Amino acid sequence: MHSLLERIKAGTLWDFHGGIHPADNKLQSSQSPVVDAGLPPRLIIPLRQHAGPAGDLLVQVGDKVKKGQPLTRYAKGRVVPVHASTSGTITEIGNHTVAHPSGLGDLCVMLTPDGEDEWGERNGKADYWNLERGELLERIQQAGVAGLGGAVFPTHSKLDGRGQLTEILIVNGLECEPYITTDDRLMQQYADEIMDGIRVLKHLLKPKLTLIGVEDNKPEAIEQLTRHATDEDVLVKTVPTKYPSGGAKQTIELLTGRQVPKGGRAVDIGIMVLNVATVFAIKRAIIDGEPLIERIVTLTGDSFKKPGNAWVRLGTPVRWLLQRFELQPEAEQRVIMGGPMMGFTLPHAMVPVVKATNCLLAPTQAELPAPGPEQPCIRCSACAD
């Protein structure tokens, strides 16, 4: 491991087999600052927004809640709570369509905002270095932090790492999916807070080296991160743009040359990978005492009059968001949650934004034609190649 660390510090980069170079379509949304989406008249908050079981309800219809107040309990294992995205009244608890390719429903809390947006109790710890490992992990769990890169695996559980040591911490800012620029804008505008989050993780994990990976099509983000990454053991690593470089296993191979064993996890080879937005959420959870109640969402595609990025409260109905950002729909308009490679078409627009929602893509038919009918495999091997 020592010789590997020396090679990384010397500037060595590796590559992974395969990969493609689709048009990235990022300039449409990456050039303007992140705006506040605002407060919708109604929030639909699913109880389960992470990979794992939902927590038990803490509220009932008629309850008044404050912004950031937990709506469900957390428990041992992979249970993380959800929180009120603003202050208001619980008006309904029941099944509602959620963000899933199946179009099925799940239990949700309907919250009507009171317009005050009043915070509940926040207990931030700017002196996090005085906290024990167990308390840090519990605070991350209490804040409802789950992986914001797409997998939404409970972060406290991932950081626990089976008790294994972390030699290298990788902060993943590669964001290789076409159209999506949430991480790009986050790195451009909040590089100082991302570094604070990295310092929390350094205290928790004690890695020998921290790498921030960014693709070379994000020069402004690279500039901001480099300016704020003043710690000697934190390196900003620029890699060539190629899909799917943002996949955790590909990121590890690009930055370290190591491969995760089949059936294993990164922690088995002493590496921890966290998405840059997750690191930001950890900073807000520990230092500011704020739970995960909003995230940046890219709104893009040729059907939007003004594509860009916005801070969106979890539970915001997609329909309200589309109207707010001046969608100009064509006949049979598709709205894709996620990017064109890994996203899925929403069954309707009254689906709520959740922790995994990084993009709402509204393409025209000319921009992104619907796939043709599926045909028999001719074993050309193009997909595998």
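**Exercise 1. Two helices**

At roughly what angle do the axes of helix H6 and helix H9 cross? Describe the contact between the two helices.

*Solution.* 
Step 1. The model is a predicted one. In it, helix H6 covers residues 191–205 and helix H9 covers residues 276–286.
Step 2. Their axes come within 8 Å and cross at roughly 80°.
Step 3. Angles of 65 to 115 degrees count as roughly perpendicular, and H6 and H9 are therefore roughly perpendicular to each other.
Step 4. On the H6 side, the contact is made by Glu193, Ile194, Asp196, Gly197, Ile198, Val200 and Leu201. On the H9 side, Val276, Val279, Phe280, Ile282, Lys283, Arg284 and Ile286 take part.
Step 5. Sorted by kind, the residues of this contact are 9 nonpolar, 1 polar and 4 charged.

**Exercise 2. A residue of helix H9**

Decide whether Thr278 is buried or exposed, and list the residues that Thr278 touches.

*Solution.* 
Step 1. Thr278 lies in helix H9.
Step 2. The relative accessible area of Thr278 is 1%. Buried means under 20%, so Thr278 is buried.
Step 3. Residues up to four places away in sequence are not counted. Thr278 then touches Val145, Ala146, Gly147, Leu148, Gly149 and Thr155.

**Exercise 3. A pocket and a proline**

Give the volume of the second largest pocket and describe its lining. Then place Pro291 and find its contacts.

*Solution.* 
Step 1. The volume of the second largest pocket is about 400 Å³.
Step 2. Its lining consists of 20 residues. Those nearest the centre of the pocket are His83, Glu121, Gln142, Ala143 and Gly289.
Step 3. By kind, the lining divides into 7 nonpolar, 8 polar and 5 charged residues.
Step 4. Pro291 is in the loop between H9 and strand S10, which spans 294–300.
Step 5. With a relative accessible area of 14%, Pro291 is buried.
Step 6. Leaving out residues up to four places away in sequence, Pro291 touches Gly68, His83, Trp119 and Ala143. His83 and Ala143 were also named in Step 2 among the residues nearest the pocket centre.
Step 7. Pro291 and Gly270 are 21 residues apart along the chain, and their C-alpha atoms are separated by 29 Å.

**Exercise 4. Two leucines around strand S5**

*Solution.* 
Step 1. Leu104 sits in the loop between strand S4 (88–97) and strand S5 (105–113). Leu111 is in strand S5.
Step 2. Leu104 has 56% relative accessibility and counts as exposed, whereas Leu111 has a relative accessible area of 0% and is buried.
Step 3. Not counting residues up to four places away in sequence, Leu104 touches His96, Thr97 and Val98.
Step 4. With neighbours within four places left aside, Leu111 is in contact with Arg42, Leu43, Ile45, Val65, Ala84, Ser85, Thr86, Gly88, Thr89, Ile90 and Thr91.
Step 5. Leu104 and Pro347 are 243 residues apart along the chain, with their C-alpha atoms 9.2 Å apart. Leu111 and Cys377 are 266 residues apart along the chain, and their C-alpha atoms are separated by 48 Å.

**Exercise 5. Backbone angles**

Which residues does the cis peptide bond with omega of about 5° join? Next, report phi and exposure for Glu332 and Arg379.

*Solution.* 
Step 1. The cis peptide bond joins Tyr243 and Pro244.
Step 2. Pro244 lies in the loop between strand S8 (234–239) and helix H8 (248–256).
Step 3. Glu332 is not a glycine, yet its phi is positive, near 55°. This residue is in the loop between helix H10 (318–324) and strand S12 (336–337).
Step 4. Arg379, not a glycine either, has a positive phi of about 55°. Arg379 belongs to the segment after strand S14 (359–361).
Step 5. Exposed means over 50% relative accessible area. Glu332, at 74%, therefore counts as exposed, and Arg379, at 76%, counts as exposed too.

Methods
Residues are numbered from 1 along each chain as its sequence is written. This is a predicted model: local features need pLDDT of at least 70, side-chain atom pairs count only at pLDDT 80 or more; totals for chains, interfaces and linings use all residues. Side-chain values use heavy atoms; hydrogens and water are left out. Axes are lines fitted to C-alpha atoms, for helices over the stretch in contact, and angles run from 0 to 180 degrees between N-to-C directions. Helices (H or I, at least four residues) and strands (E, at least two) are DSSP runs, numbered from the N terminus. Angles under 35 degrees count as roughly parallel, over 145 as roughly antiparallel, 65 to 115 as roughly perpendicular and the rest as oblique. Contact means heavy atoms within 4.5 Å. Ala, Val, Leu, Ile, Met, Phe, Trp, Tyr, Cys and Pro count as nonpolar, Asp, Glu, Lys and Arg as charged, and the others, Gly among them, as polar. On a 1 Å grid over the protein atoms alone, a cavity is a set of points where a 1.4 Å probe fits but cannot get out, and a pocket is an open set with protein on both sides within 12 Å along at least five of seven lines; lining residues have an atom within 4 Å of a point. Grid points are joined across faces, edges and corners, and a volume is the space filled by probe spheres set on the points. Buried means under 20% relative accessible area, exposed over 50%, partly exposed in between (1.4 Å probe, protein chains only).
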